Amino acid sequence: MTSDAPDKPSHSAARTATRLVSGGRDPFAYHGFVNPPVHHASTVLYRTAEDYLAHRGRYQYGRRGTPTSEALTGALAALEGANCAGVALLPSGLAAASVALLSVLKAGDHVLITDSVYFPTRKFCDSVLARYAIATTYYDPLIGGRIAALIQPNTRAIFVESPGSLSFEMQDVPAIAEAAHAKGAVVLMDNTWASPLYFRGFDKGVDLSIQSGTKYIGGHSDVMLGTVSANAATWPRLRQIVEATGLCVGPDDMYLGLRGLRTMGVRLAQHHASGLKVARWLAGRPEVARVLHPALESHPGHAIWRRDYSGACGLFSIVLKPAPQAAAPQAAAPQAAANAFVNALTLFGIGASWGGYESLAIPFDCTTARSATSWAPGGPTVRFHIGLEDVDDLIADLERGFAALAAA
């Protein structure tokens with residue numbers, strides 16, 4: 001399900017908060033109601049046989065677009081900015097990443113993928129792309145402009161994800177894009193963490209900007225959605241593959257995405273503020289070796305974050321100090337102690353995904369998901385998503401977790 005960016009987007013010069021509210025809206029096209037109707041549609045009727053044969057009409061079939069899909073893609077295009085030529089809606093974030101890659105690759109091509117990539121995207125490259133004779137090389141996410149040395153004659157694309165959604169390495173996207181474009185390769189970016197609110201991908205050299213709309217666009221942990229925004233050079237092939245494969249999003253999911261998008265600005269601002277407050281508190285805890293949050297001055301990629309980003313979301317990780325076994329012979333193994341910490345939390349759910357209103361915490365280990373780099377954080381790791389609860393309540397809950405950690 002795809003849509004060209006409007007020729008003259010409404011309020012295109014407006015600030016971001018205004019575009020979030022006004023993008024894709026035309027109330028008087030649907031009798032003055034504030035929100036567009038949800039079109040449950042497959043067949044589109046034509047007035048005459050001649051109209052049908054000539055495909056005269058704004059819509060041809062429900063899978064190819066409806067007023068509901070156009071409202072969402074129009075709003076997303078307005079958010080991405082003037083360099084967005086079109087937006088495709090996909091059934092999930094993984095589908096968005098997969099289709100974006102397929103739109104720029106063919107048999108015999110080579111793609112460079114960041115070693116910190118979302119693990120299901122890695123599995124797609126190692127299975128589906130490999131089956132179609134597309135070679136994948138994983139690279140150190142900190143490589144920056146030195147990636148030029150890895151570009152082969154058949155390298156068609158470079159995939160970035162900044163920061164990594166578990167380990168939070170910050171990539172120098174402009175430097176990577178400059179190297180890619182100099183060799184004729186395109187740049188795809190998973191921009192779910194920052195979204196176009198906090199990272200303007202097209203302004204930094206990205207050609208295809210991918211989001212898991214399941215996360216902050218939906219914002220309520222109740223929808224599966226993916227989006228790919230394309231510039232003028234990549235839009236025709238992206239649109240072609242989405243239409244040729246018959247991929248589309250259900251009307252109710254589109255509407256949930258559109259409803260969530262309207263409040264994304266204020267929600268993300270709160271996630272930013274709350275996440276940073278909790279991260280700073282965690283940085284002062286004696287049990288914590290490191291906090292992996294790009295907005296903290298202690299983060300190795302903080303300078304890139306300050307240069308290229310205007311905000312952060314609520315997602316970050318910590319590295320816990322392993323308990324000294326000699327001092328406590330009966331102490332639990334480091335991972336078991338970390339599990340006890342997570343299990344003791346009552347306001348943090350334990351589950352995959354993020355971007356909803358609720359806080360989450362999961363233990364993780366990137367060891368098996370790396371091939372170009374090694375993962376040796378120095379202790380067990382926990383990822384947090386800081387939701388919209390009161391921060392002081394979250395900190396009190398974390399205190400309970402650390403008490404359980406000490407007891408373990």
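The conversation below treats the sheet, the helices and a pair of rings.

Guide: This is a predicted model, in which local features need pLDDT of at least 70 and side-chain atom pairs count only at pLDDT 80 or more, while totals for chains, interfaces and linings use all residues. Residues are numbered from 1 along each chain as its sequence is written, and side-chain values use heavy atoms, with hydrogens and water left out.

Visitor: In what order do the five strands of the open sheet stand?

Guide: Helices (H or I, at least four residues) and strands (E, at least two) are DSSP runs, numbered from the N terminus. Two strands pair if DSSP finds at least two bridges between them. The pairing in this open sheet is mixed, and the order is 9-10-13-12-11.

Visitor: At about what angle does helix 10 run to strand 10?

Guide: Axes are lines fitted to C-alpha atoms, for helices over the stretch in contact (heavy atoms within 4.5 Å). Angles run from 0 to 180 degrees between N-to-C directions. Helix 10 (residues 264–283) lies across strand 9, strand 10 (315–320) and strand 13 (381–385), and its angle to strand 10 is about 10°.

Visitor: How do helix 4 and helix 8 lie to each other?

Guide: Helix 4 (residues 93–104) and helix 8 (residues 235–245) pack with their axes 9 Å apart, at an angle of about 120°. Angles under 35 degrees count as roughly parallel, over 145 as roughly antiparallel, 65 to 115 as roughly perpendicular and the rest as oblique. The angle therefore makes helix 4, relative to helix 8, oblique.

Visitor: Are the rings of Phe-316 and Phe-384 stacked, edge-to-face or tilted?

Guide: Rings of Phe, Tyr and Trp (its six-membered ring) pair if their centres lie within 6.5 Å; planes under 30 degrees apart count as stacked, over 60 as edge-to-face and the rest as tilted. The structure holds ten aromatic pairs. In this one the centres are 5.8 Å apart and the planes at 40°, so the pair is tilted.

Visitor: How many residues apart are Phe-316 and Phe-384?

Guide: Phe-316 lies in strand 10 and Phe-384 in strand 13. The pair links distant parts of the chain, and the separation is 68 residues.
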